[in-house]
Amino acid sequence: MPQLQRTDEWLSFTALPVGEANSAADFARHWGRLAYRAMLTEVNLTPKPGLVDRNNCGAHQDMALIDFYYSADAIAPWLPRFIEQGINHHHLCGQAALNNLRPLGLACENSMFRATGGVNTHKGSVFSLGLICCALGRLKARAEQIDAEAVCQEVAHLCSGLTQRELCQTNPQQTAGQRLFYQHGLTGARGEAESGFATVLTHALPVYRRLITEGTQPDHALLHTLLVLMSVNRDTNVVSRGGMAGLQWLQQQATDILTSHSSAGMGCPLSQRRVREFDAQCIARNLSPGGSADLLILTWLLAQFPHHPSHKK
């Protein structure tokens with residue numbers, strides 16, 4: 001289990017400039033390590049409404065903080081391999097590249113389940129981080145500019161048509177994702193990936209970058225960003241537990257906190273108290289915004305890349 005648990009210590013890590021990781025192996029190790037730290041940064045952030053953190057287990061009866069540590073440790077060795085897969089198979093395009101990546105993703109997922117005794121702690125993160133890491137490797141192999149926008153655009157190319165192929169197909173034994181798509185039109189993690197993580201790029205990442213630039217304490221910036229994600233993300237984890245009414249309630253609560261406490265910031269005692277109240281309400285309603293937590297992991301990781309404001313998508 002990782003010994004370091006304080007969020008601010010994880011956030012103090014300074015990323016090596018992309019160009020300074022010369023060899024493919026060094027590049028994969030470095031960014032794989034950052035992806036691992038992103039998972040721990042998210043789970044250590046406290047408080048987090050409805051989610052496992054250092055205070056409580058949120059709306060979860062089947063998992064605790066230590067499960068996330070075991071899970072992150074099990075996933076960590078696979079993250080550089082996703083990058084190496086992207087480097088070694090950068091010539092494959094679209095569905096062929098995605099199919100080539102699947103066995104690695106399933107092996108990583110199985111390692112997670114073995115480490116947690118069957119508890120699903122990071123399945124969504126295996127999917128999204130695997131795609132991000134693969135995309136990163138593909139850009140590295142092609143010697144193309146690497147930044148958050150370019151990596152996400154590459155993910156969108158990899159996942160083109162994914163929603164149509166996996167959610168729109170007729171399947172008598174539908175997955176949870178397929179049921180939510182047919183019932184509510186929710187595309188979940190697949191839709192986020194196919195969009196190039198548009199929710200992160202449009203909403204979360206600009207807010208997080210701005211707050212950090214303004215000197216906001218990193219964990220307060222992350223909490224603010226999580227609330228932004230909760231206010232806009234059509235989180236299938238929330239809908240599966242509380243229906244669309246639960247999602248609407250959660251989005252409104254997050255919006256209200258952001259509106260009421262925007263000037264004071266998430267570090268002030270009133271803001272912290274309101275977030276703790278929100279946490280208790282989520283627990284009472286059995287609502288856990290796990291999809292937003294996954295996107296927060298990506299937000300922190302993408303914030304480690306060089307920022308080119310003039311980047312054209």
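Begin by selecting Leu79, Ile132, Phe197, Leu227 and Phe278, the residues with the most contacts inside the largest nonpolar core, which has 91 residues. A nonpolar core is a set of buried Ala, Val, Leu, Ile, Met, Phe, Trp, Tyr and Cys residues joined through side-chain atoms within 4.5 Å. Buried means under 20% relative accessible area, exposed means over 50%, and partly exposed lies in between (1.4 Å probe, protein chains only). The largest share of this core, ten residues, comes from helix H2 (residues 24-44). In soluble globular proteins, nonpolar side chains tend to be buried together.

The structure is a predicted model, in which local features need pLDDT of at least 70 and side-chain atom pairs count only at pLDDT 80 or more, while totals for chains, interfaces and linings use all residues. Residues are numbered from 1 along each chain as its sequence is written, and side-chain values use heavy atoms, with hydrogens and water left out.

**Helix H2**

Select residues 24-44 next. Helices (H or I, at least four residues) and strands (E, at least two) are DSSP runs, numbered from the N terminus. H2 has 21 residues and spans 30 Å from its first C-alpha to its last, close to the 30 Å expected at 1.5 Å a residue; the expected span is 1.5 Å times one less than the number of residues. Because 16 of its 21 residues are buried, H2 is largely enclosed by the rest of the structure.

Now select residues 269-285, which form helix H14. This helix has 17 residues and reaches 24 Å from its first C-alpha to its last, close to the 24 Å expected at 1.5 Å a residue. Which residues of H14 are buried? They are Ser271, Gln272, Arg274, Val275, Phe278, Asp279 and Cys282. Viewed down the axis of H14, these buried residues fall within an arc of 160 degrees, so they line one face of the helix; the arc is that of the directions from the helix axis to the C-beta atoms. An α-helix has 3.6 residues a turn, so residues three or four places apart point the same way.

Colour Pro269, Leu270 and Ala284 separately: these exposed residues are on the face of H14 turned away from its buried side. The buried residues of H14 pack against helix H12 (218-232) and helix H13 (236-261). Contact here means heavy atoms within 4.5 Å. After H14 comes asparagine 286, whose phi is positive, near 60 degrees.

**Glutamine 251 in helix H13**

Glutamine 251 is found in helix H13 and counts as buried, at 16% relative accessibility. Leaving aside neighbours within four places in sequence, glutamine 251 is in contact with Met230, Ser231, Val232, Asn233 and Arg234.

**Salt bridges**

Side chains of opposite charge can pair when their charged atoms come close. A salt bridge is a side-chain nitrogen of Lys or Arg within 4 Å of a carboxyl oxygen of Asp or Glu, and by this rule the count comes to ten.

- Glutamate 42 and lysine 48: the closest N and O atoms are 3.8 Å apart, and both residues are buried.
- Lysine 123 and glutamate 109: the closest N and O atoms are 3.9 Å apart. The pair links distant parts of the chain, with lysine 123 in helix H6 (residues 123-141) and glutamate 109 in helix H5 (residues 94-116), 14 residues apart. Lysine 123 is partly exposed at 38%, whereas glutamate 109 is buried at 15%.
- Arginine 209 and glutamate 149: their side chains meet at 3.3 Å, N to O. Arginine 209 lies in helix H11 (residues 198-213) and glutamate 149 in helix H7 (residues 148-158), so the pair ties together parts that are 60 residues apart in sequence.
- Arg138, Arg142, Glu144 and Glu154: these residues are linked in a network of salt bridges.

**A loop glycine**

Finally, select glycine 118 in the loop between H5 and H6. Glycine 118 is partly exposed, at 49% relative accessibility. How far apart in space are glycine 118 and aspartate 62? Their C-alpha atoms are 9.9 Å apart, although the two residues are 56 residues apart in sequence.
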